[in-house]
Structures are given as structure tokens and as C-alpha cells.
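Visitor: Hello! Could you show me how to read a protein structure, one feature at a time?
Guide: Gladly. Let us look at it together.

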Amino acid sequence: KLLQAHETADLPATFSFEFFPPKTEQGIQNLYDRMDRMYHLNPTFIDVTWNAGGRVSKISNDIVNTCQSVLGLETCLHMTCTNMSVEIIDTALREAYESGCQNILALRGDPPLDAQVDANGQLIHKGEFQYAKDLISYIKKQYGDHFCIGVAAYPEGHPEEDNCDRVIDYLKEKIDAGGDFIVTQMFYDVDNFIEWCHKLKAKGIEAPIFPGIMPITTYASFMRRAKWSEIKIPQGFLDILEPHKEDDFKIRELGCELITKMCKKLLDSGVVNHLHFYTMNLEKATIMILQQLGLVTPEVNDTGLTGGEILPWRKS
Ligand code: FAD
């Protein structure tokens, strides 16, 4: 299970990579090649997102199966439950179980675009599960302690609930229902994150916190993702990046420096000892950050992942 690997790792900090299921066969093959290469970086685990039922969720299960049983990676499957039938959940859990996967990130998922709200402004949900905590309880009921269960958390509040203290109370409910570890939404405001971690401790939340790290690759995607996730961008980031927004090469270089600095501050603060990278199915920026942090061992360069090959844009 991923928590055992995390706790026994002989490193100053551990790390993990998130991937999403590509839409095409070629995309899936490319992803396997990338995962095979990133395996040599020795992540504690990799996780695969889930896209609200249907074909794409089946692909998530297939990727988890291959990663766990063929590539030998400790794997975590995301699962969402809102507007989802119990049959779909049962099938996905059974397939994960049979493939040897022992980790699930249990999520509610985003409501459909046409979701209705009741008189109290609460979303009307269809199906068995209203919140992530309902899925957690269900997994516990069906599989006992087989799965190590992760939950999502929002250091700057959730788009549907900006009262951060209330969101922490809901997080506590998820941990009390059986959540074992916490993976956070991406963020760039480290001071706010550190304060939030202290608040969790004060509320009695002791589960390990894996901060979500989103590398910066282009200015447009950096701005767009921060807007989608409704997170703050510190002025210092804008001052450094904005003047170079038309130069992708420079943005990646500066972005890596900013994120490396941010990760160092996080690790130095002592509130976390793990970094969870949203790879967006790309490897260069994440590897560069890990190299700058000194978390990638020198042998990495002997596995075909030479500095020049990984980071061609860094050389000039
Ligand atoms: P919950 O914890 O159930 O919370 C949902 C909302 O309900 C929040 O506003 C919360 O404040 C509120 N709430 C919770 N409990 C209560 C209560 N008892 N009473 C009243 N209100 C309550 N989405 C995908 O579709 N696929 C993915 O693979 C995926 N991966 C993700 C990974 C991470 C690390 C994160 C942070 C998010 C991910 N998401 C994914 C997005 C996620 O599904 C959405 O953010 C979703 O809106 C909330 O999911 P949750 O599990 O946090 O829900």
C-alpha cells in the first residue's frame, strides 16, 4: 500500500505522479512509455484520474491494471461517485481489486452542468452517493481495510464552499469515515498552505498530507488552471512570469525555478515530506524540478533518461 512505501522510504522526501487517461490508443501507448521511463525515478506511487463513468473510466481501470501488474508501480485509482450507479462503482472496485491495486482516491466528482439546486442552494444529486464520504464508507463496507483510501482537500476552499473552516470540517468527516491520506488541490500560495496544515492539526487531522504541485509549462495554461481551480496566484509569480508570457521556453525555465523554490519552502517548513506532481501526462518539467530539488538520484541518468534527452530546452 502506498502509505507503507511512503513511511519506509529512505529519502528526505518522497514524491508521486498523477496521470490522466488519454483519448486515443496511440496516446495510451505514449503514456505507458512515459510511465516506464518515470518508473526509474522511483515515485512512491502513481495515480490515474477517473472521468465520471463510461469509457474513459474503463480506461482508468485498464491503466491501473497495467501499471500495477505489468510495470510494477504502486498505483492509486481515482474514483468519483456523484450521479454514478452502484454497478459502475462495484465494477471499478472489483477490477481494481483483481489487478492488485490497493489504493483509491475517493472523490465526489463535479456535478453535471445541468445539475439542479434545492431551496437551500444545495445541489440535488442523483444516485446512492452524495459526498465523497459516502463513497469512502461504501468502500470500507465492501472491502474492509483492503484499500488505502485517499481524499481530496482544498487549502483555499472549494468552489462550492468558500468558508475554509467548514471545508476543513468536511475533510475531517472524510478522514473519520476511513480516509487514510490527503491529496490537495494545486496551489501557489505556500504561506497559506502551511497555515492551513496547522489548522488541520488543530482540528485533530493527522493523516499525511500530499500537496498537489502543478508545474508551470506555458503562461496561458498556468493562468487558465489557476482560474479553473479558483486559487490565488502570488504577485511575485506574476511579476516574474508576465514579462515573458510569449516565450514558452523562458516560462518553463522560470516556472521550474519558481516551483522548485516553492517545494523547498514546503519541505523546509516540516508540514509535509511528500510532493504530488500533476504531470498532465508530461515528464520534462516534473523531472527538472525533482533534479533541482536533489530528489532524483544520479542513477536516473543511467537509465536512458539523460539530462539532454529529458531537458533539451534547458541546454542553451
Ligand atoms: P466532497 O468532499 O464530497 O465535497 C464536495 C462539496 O460538498 C464541497 O463543496 C464540500 O465543501 C461539500 N461538502 C462535503 N461534505 C459536506 C457535508 N457533509 N454537508 C454539506 N456540504 C458538504 N474529479 C474527477 O472527476 N476525476 C478525478 O479523477 C478527480 N481527481 C481529483 C484529485 C484531486 C487531488 C482533487 C483535489 C480533485 C479531483 N477531482 C477529480 C475534482 C473533484 O471531484 C471536485 O473538486 C469535486 O467538486 C469535489 O470532490 P470531493 O471529493 O472533494 O467532494
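Visitor: How many bridges join strand β3 to strand β4?
Guide: Two strands pair if DSSP finds at least two bridges between them. Strands (E, at least two residues) and helices (H or I, at least four) are DSSP runs, numbered from the N terminus. Here β3 (residues 75-80) and β4 (residues 103-107) run parallel and are joined by 5 bridges.

Visitor: Before we go on, how should I treat the model and its numbering?
Guide: This is a predicted model: local features need pLDDT of at least 70, side-chain atom pairs count only at pLDDT 80 or more, and totals for chains, interfaces and linings use all residues. Residues are numbered from 1 along each chain as its sequence is written.

Visitor: What do the 8 strands form?
Guide: They make a closed barrel in the order β1-β2-β3-β4-β5-β6-β7-β8, with parallel pairing. From one strand to the next, the twist averages 25°. The protein has 12 helices as well as its 8 strands.

Visitor: Which strands pair with β1?
Guide: β8 (residues 274-278) pairs with β1 in the parallel sense over 5 bridges, and β2 (residues 45-48) runs parallel to β1, joined by 4 bridges. Take F17 as an example: it stands opposite F277 in β8 and opposite I46 in β2.

Visitor: Where do the side chains of a strand point?
Guide: In a regular strand the side chains alternate between the two faces of the sheet. In β1, T14, S16 and E18 point one way, while F15, F17 and F19 point the other way.

Visitor: Is β1 (residues 14-19) mostly covered or mostly uncovered?
Guide: We call a residue buried if 20 or more other C-beta atoms lie within 10 Å of its own, exposed if 12 or fewer, and partly exposed in between, with C-beta atoms placed from the backbone. β1 is mostly covered, with 6 of its 6 residues buried. Across the protein, buried residues make up 39% of the 316 residues.

Visitor: How are two packed helices described?
Guide: By the angle between their axes and the distance between the axes. Axes are lines fitted to C-alpha atoms, for helices over the stretch in contact, and angles run from 0 to 180 degrees between N-to-C directions. Helices α5 and α6 (residues 164-177) pack at an angle of about 5°, with their axes 9 Å apart. Angles under 35 degrees count as roughly parallel, over 145 as roughly antiparallel, 65 to 115 as roughly perpendicular and the rest as oblique. Therefore α5 and α6 are roughly parallel to each other.

Visitor: Which residues make that contact?
Guide: Two residues are in contact if their C-beta atoms, placed from the backbone, lie within 7 Å. α5 contributes A132, K133, I136 and S137, and α6 contributes E173, K174 and A177.

Visitor: Which residues come nearest to the ligand?
Guide: A residue is near a molecule or strand if its C-beta atom, placed from the backbone, lies within 6 Å of it. Of the 23 residues around the ligand, T49, H78, R108, Y131 and A132 come nearest. The largest share of this shell, 4 residues, comes from α6.
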